[in-house]
Amino acid sequence: MLLPLKSLILGGATLASLVAAQIDTQLTGTWTTKSRKVFTGPGFYDPVNEKMFEPPLTGFSYSFTDNGFYEVAYYRASANPTDPTCTKGVIQWQHGKYSKASNGSLILNPITVDGRQLMSDRCTYANSVYTRYHQQEIFKQYEVLVNPFDKATRLNLYGWDGAPLNPMYLAYRPPQMLPTQTLNPTKAAATSASQPSGTTKSKRDLEGDQDGLVRDALTRNALQKQSTNADRIWWLGVGLTALGSVGYFWF
């Protein structure tokens with residue numbers, strides 16, 4: 001039986017509205033934390049030469065397009081209060097597609113072969129360790145608002161468990177991002193952004209590459225170009241430990 005034309009039109013309009021509801025243009029732009037030193041885009045990661053650039057301060061940045069793509073850049077450092085020489089740092093980058101669920105949550109699905117992580121752990125590795133990385137992110141809720149005192153546009157994200165992330169502030173609109181398509185395709189891995197997520201180590205991924213992300217190139221860039229991360233993160237850890245000690249005695 002053929003459906004009436006009116007039903008087809010209404011059904012198509014409903015489907016279109018559902019698709020449109022998956023994207024929130026309020027998110028469009030590049031957002032960064034208060035340090036304003038970490039931004040997505042070519043200044044953070046160079047996919048052609050396999051280089052990650054360490055920002056002067058820690059923080060994170062998210063970018064969203066008005067057609068459903070996203071990019072994220074993280075730089076974290078942690079001090080060891082019992083041994084200031086054993087500081088750790090990690091730089092992460094990934095991109096993919098995002099959608100807004102019917103319950104208001106955000107779901108970020110990365111392109112699994114493209115994500116990268118650079119980790120520094122002075123007490124475990126002599127040099128920084130460069131690996132593939134991908135991790136689906138789910139935010140239970142979010143809100144875009146304007147600060148009443150400085151009129152800055154702010155994005156608040158809440159993790160899957162409702163815990164708030166550090167607020168981010170609008171830095172660029174349109175967003176500052178790398179191309180949204182797969183940047184480093186492999187024959188051994190599918191390039192869809194909707195694949196299951198997880199952190200993957202370079203050994204497993206690189207052994208499966210058929211077309212070419214060469215292990216020597218990864219190792220060379222990680223060791224020669226980025227081995228200074230350990231020293232810089234060590235000094236950052238010393239500073240964090242010192243601040244913690246001052247806080248302990250005075251507060």
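**Aromatic rings and burial**

User: Why is F64 called buried?
Analyst: F64 has a relative accessibility of 0%. Buried means under 20% relative accessible area, exposed over 50% and partly exposed in between, with a 1.4 Å probe and protein chains only, so F64 counts as buried. This is a predicted model, where local features need pLDDT of at least 70, side-chain atom pairs count only at pLDDT 80 or more, and totals for chains, interfaces and linings use all residues. Residues are numbered from 1 along each chain as its sequence is written, and side-chain values use heavy atoms, leaving out hydrogens and water.

User: How do you know that Y62 is buried?
Analyst: Y62 is at 0% relative accessibility, so Y62 counts as buried.

User: What makes the pair of Y62 and Y74 edge-to-face?
Analyst: Rings of Phe, Tyr and Trp (its six-membered ring) pair if their centres lie within 6.5 Å; planes under 30 degrees apart are stacked, over 60 edge-to-face, the rest tilted. The centres of Y62 and Y74 are 5.9 Å apart and the planes are at 85°, so the pair is edge-to-face.

User: Why is Y74 called buried?
Analyst: The relative accessible area of Y74 is 8%, so Y74 is buried.

User: How many aromatic pairs does the rule give?
Analyst: The count comes to eight aromatic pairs. One of them is Y62 with F64, stacked at 6.3 Å centre to centre with 10° between the planes.

User: Which residues do ring pairs link into a cluster?
Analyst: The cluster links F60, Y62, F64, Y74, Y98 and F139.
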